[in-house]
Amino acid sequence: MELRDDEIAALGTKGFFVRDTFLGRERASSVHAEARQRAQTGGLKPAGIRRGADRTEDTTVRGDFITWVVPGPDTALGSLWQSFAELGEALSTGAYLGLGRFDLQLAHYPGGGARYVRHRDAFPGQSNRRVTAIYYANPDWQPEHGGLLRLYLDDGTLEVAPILDRVVVFLSERLEHEVLPAYAPRLALTAWYYGRDAA
Ligand code: OGA
Ligand code: MN
């Protein structure tokens with residue numbers, strides 16, 4: 001996988017880029033089918049906020065259900081994992097980001113106004129997430145379904161629709177963002193890349 005010059009430039013200047021057609025139609029619809037299946041039967045857990053002893057579940061802050069995706073052969077989610085690995089390498093080579101391992105999470109917003117309020121995925125100075133990449137798996141998305149990703153940029157906000165086979169890549173420490181209320185089931189797969197020297 002290679003990044004385009006405009007993608008690398010956008011990451012540097014604005015802190016993000018959006019790529020449509022990350023996997024292509026056929027692989028994308030397999031990812032959607034498998035993600036939906038796991039959302040229905042995979043025992044997803046309410047997403048917590050904060051870690052360790054501070055952990056709470058507050059659905060007014062964050063209303064999605066999550067599980068972790070691990071690499072595996074012969075599955076659509078396994079092949080998505082592989083594409084995220086290639087994306088990480090491309091970011092390291094093309095944008096000199098020096099990324100190491102990543103975690104991959106499946107998140108299901110059930111609808112009914114489920115949202116995730118404005119937040120950052122990482123804070124400067126901690127050895128943690130450097131890049132966030134979100135893959136959307138919603139083939140039938142319509143504007144009335146909501147669930148837009150709102151990015152807070154230097155010069156205002158930008159809303160990104162969570163449509164099938166779109167990927168949004170941003171610098172985890174830099175961009176605040178939120179998931180606006182979703183009124184239909186919404187599936188996203190998010191990779192968080194750590195720095196090469198992270199534990
Ligand atoms: C997150 C997040 C955004 C999205 O899980 O941290 O911000 O569009 N997700 O799903
Ligand atoms: Mn986030």
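In this predicted model, Tyr152 has Glu176 of strand β10 as its bridge partner. That contact belongs to the pairing of strand β7 (residues 149-153) with strand β10 (residues 176-182), which run in the antiparallel sense and are joined over four bridges. As a general point, strands of a sheet pair through backbone hydrogen bonds, either parallel or antiparallel.

The two strands are part of an open sheet of four strands, whose order is β5-β10-β7-β8 and whose pairing is antiparallel. Which strands stand at the edges? They are β5 (114-119) and β8 (156-160), and because each has a single partner strand, one side of each is left without a neighbour in the sheet. From one strand to the next, the twist averages 25°.

| Strand pair | Sense | Bridges | Residues facing each other |
|---|---|---|---|
| β7 (149-153) and β10 (176-182) | antiparallel | four | Tyr152 and Glu176 |
| β2 (45-46) and β3 (65-68) | antiparallel | two | Pro46 and Phe65 |
| β3 (65-68) and β4 (99-109) | antiparallel | four | Ile66 and Ala107 |

The manganese ion (ligand 2) is coordinated by His119 and His177, each through NE2, and by Asp121 through OD, at 2.1 to 2.2 Å. How are the donor residues of this manganese ion spaced in sequence? The spacing is H-x1-D-x55-H, and the two histidines link distant parts of the chain, with His119 in strand β5 and His177 in strand β10, 58 residues apart. Both His119 and His177 are buried.

A separate topic is the empty space in the model. In general, rolling a probe the size of a water molecule over the atoms shows where such space is left. The second largest pocket has a volume of about 280 Å³, and 19 residues line it, with His32, Asn138, Pro185, Arg186 and Leu187 lying nearest its centre. The elements that give two or more residues to this lining are α2 (25-41) and β11 (186-195), and α2 gives the most, with four residues. Sorted by class, the lining of this pocket holds nine nonpolar, seven polar and three charged residues.

Notes. Residues numbered from 1 in each chain as written. Chains lettered and ligands numbered in written order. Predicted model: local features only at pLDDT ≥ 70, side-chain atom pairs only at ≥ 80, totals over all residues. Heavy atoms only, no water. 1 Å grid on protein atoms, 1.4 Å probe; cavity = no way out; pocket = protein on both sides within 12 Å on 5 of 7 lines; lining within 4 Å. Points joined across faces, edges and corners; volume = space filled by probe spheres on them. Nonpolar A, V, L, I, M, F, W, Y, C, P; charged D, E, K, R; others polar. Pairing = 2+ DSSP bridges. Axes fitted to C-alpha atoms, helices over the stretch in contact; angles between N-to-C directions. Donors = N, O, S within 2.8 Å, 3.2 Å for Na, K, Ca; no water. Buried < 20%, exposed > 50% of the residue type's maximum accessible area, 1.4 Å probe, protein only.
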